[in-house]
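User: I'd like to learn how to read side-chain features in a model like this one. Could you walk me through a few?

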Amino acid sequence: MALLMDTRLLLRKIKDLRSLTSKRYRVKEKWAATRAKYPPTTLALRHFDSTYSTQLGKLWPSIRVALLSERKYGALLNNFSFDDIPEDYEAQGCRDFIRDTDTEAQPRLQQESEFVAERESDCVSVQNADADSLQLPPLQLSRNVKCLVFPRGDITRFKPAKPDKSGLLSYYLMDAASVLPCLALNVEDGHNVLDLCAAPGGKTLALLQTHSLGFLCVNDASVSRTMRLKRVLRSYIPKDLLTDEKLRITSFDGTMWGEVETNVFNRVLVDVPCTTDRHSLLEDDNNIFNKSRVGERRRLPQLQTELLLAGILAACPGGEILYSTCTLCRSQNHSVVEQAIQLAQENHGIQLQVVDLRPLTHMFRKTFHFAPDLPLGEMVVPHLAANFGPIYMCKLRRLT
Ligand SMILES: C[S@@+](CC[C@H](N)C(=O)[O-])C[C@H]1O[C@@H](n2cnc3c(N)ncnc32)[C@H](O)[C@@H]1O
């Protein structure tokens, strides 16, 4: 009863306030007429239900449930911070997934061959026991990149990181699967690296943690997102490493990169804009399934192909390019890679080799669920027990 009275009083007050506002300044509420019938998140779910049930078959229902549930984060440790990992995280069973690779958790995939992980002083080397038959070169992973995750099935959240005595934050929260493209890029000492679509900077930070970079070029077409990226870098990286001799930050259209700077970089990360499946299902703001963005969404595969081609041109012969997205969609994943390989050959005479990432997926099968039998590349698929991804990645090596 009291609540009803309070509500009535409140409504009367609002009415009085409205009568105080001069008619000129009153805004007529049109929302009922103009509001979209279906919010973008609903449109995204319908679209995914129709395309992914065909593309992913019986995997789709469980991926769908995971995508609609709370995602899991990893804490990328900042080697430049003075602070150690909070002890309570370790006590709660948190572990660095990059080191903790030795026990089995996921059923073996069909046709999977045996891989052996060897530990060396500065890097973790993964070899294929059937290397002769499959000819997989060993994969070197930087020992310096560390990312904490809570155990499978544990959805405890990390607290926001606090600044250390020099003002740097001790960890960066991101989808732990987003670290995989940076590991797969396999940066070696002195390498010149281009991060073509870098903002807000999670993968840039992971690349910097390797301590191997000769020169790093960081780019993002969006000026506002580049500003955000700069803020992230200032919060994690000491000032003396953010100098012009070591780092260049630009806001160019990445599709034009290959026309300006070609055959330069040892490693190129092409982490393209995509339908960002998780975001599209959960947030109506800035959602690419908004009716007004239909054209932009349809043009994505074209933009992605142009960005990947620009990355291929920017790499030097012998250099490696890592293409990644956070969508499950085939037309934005392996179809883009196929198209870019063809265009590189036909229009630029560049021969490319697809690098087999199975050693990497085998190594991390305890932490992530990977899609089986993709025609090209590898993909982390969301799962309720390990709710990371989706992350698609495909690695190319320039032969010429
Ligand atoms: C998936 S996000 C990159 C995420 C980032 N790599 C990270 O790990 O934080 C894709 C980015 O591509 C940028 N982008 C879109 N079109 C671009 C273009 N033509 N050239 C370069 N960047 C572009 C967007 O502004 C967006 O920040």
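Analyst: Let's start with charges and rings: a charge sits over a ring if NZ of Lys or CZ of Arg is within 6 Å of the ring centre and within 35 degrees of the ring normal. Here, arginine 46 has its charged end over the ring of tyrosine 38, 4.1 Å from the centre. Arginine 71 likewise lies over the face of tyrosine 73, at 5.6 Å from the ring centre.
A word on the source: this is a predicted model, where local features need pLDDT of at least 70 and side-chain atom pairs count only at pLDDT 80 or more, while totals for chains, interfaces and linings use all residues. Residues are numbered from 1 along each chain as its sequence is written, and side-chain values use heavy atoms, with hydrogens and water left out.

User: What describes a pair of aromatic rings?

Analyst: The distance of the centres and the angle of the planes. Rings of Phe, Tyr and Trp (its six-membered ring) pair if their centres lie within 6.5 Å; planes under 30 degrees apart count as stacked, over 60 as edge-to-face and the rest as tilted. That rule gives 15 aromatic pairs here. One of them joins tyrosine 52 and tryptophan 60, edge-to-face at 5.3 Å centre to centre with 70° between the planes.

User: Is tyrosine 52 buried or exposed?

Analyst: Buried means under 20% relative accessible area, exposed over 50%, partly exposed in between (1.4 Å probe, protein chains only). Tyrosine 52 is buried because its relative accessibility is 1%, and tryptophan 60 is buried too, at 4%.

User: How is the pair of phenylalanine 97 and phenylalanine 364 arranged?

Analyst: The ring centres of phenylalanine 97 and phenylalanine 364 are 5.3 Å apart and the planes meet at 75°, so this pair is edge-to-face. Phenylalanine 97 lies in the loop between strand 2 (95–96) and strand 3 (115–119), and phenylalanine 364 in the loop between helix 15 (358–363) and strand 14 (378–380), so the pair ties together parts 267 residues apart in sequence. Helices (H or I, at least four residues) and strands (E, at least two) are DSSP runs, numbered from the N terminus.
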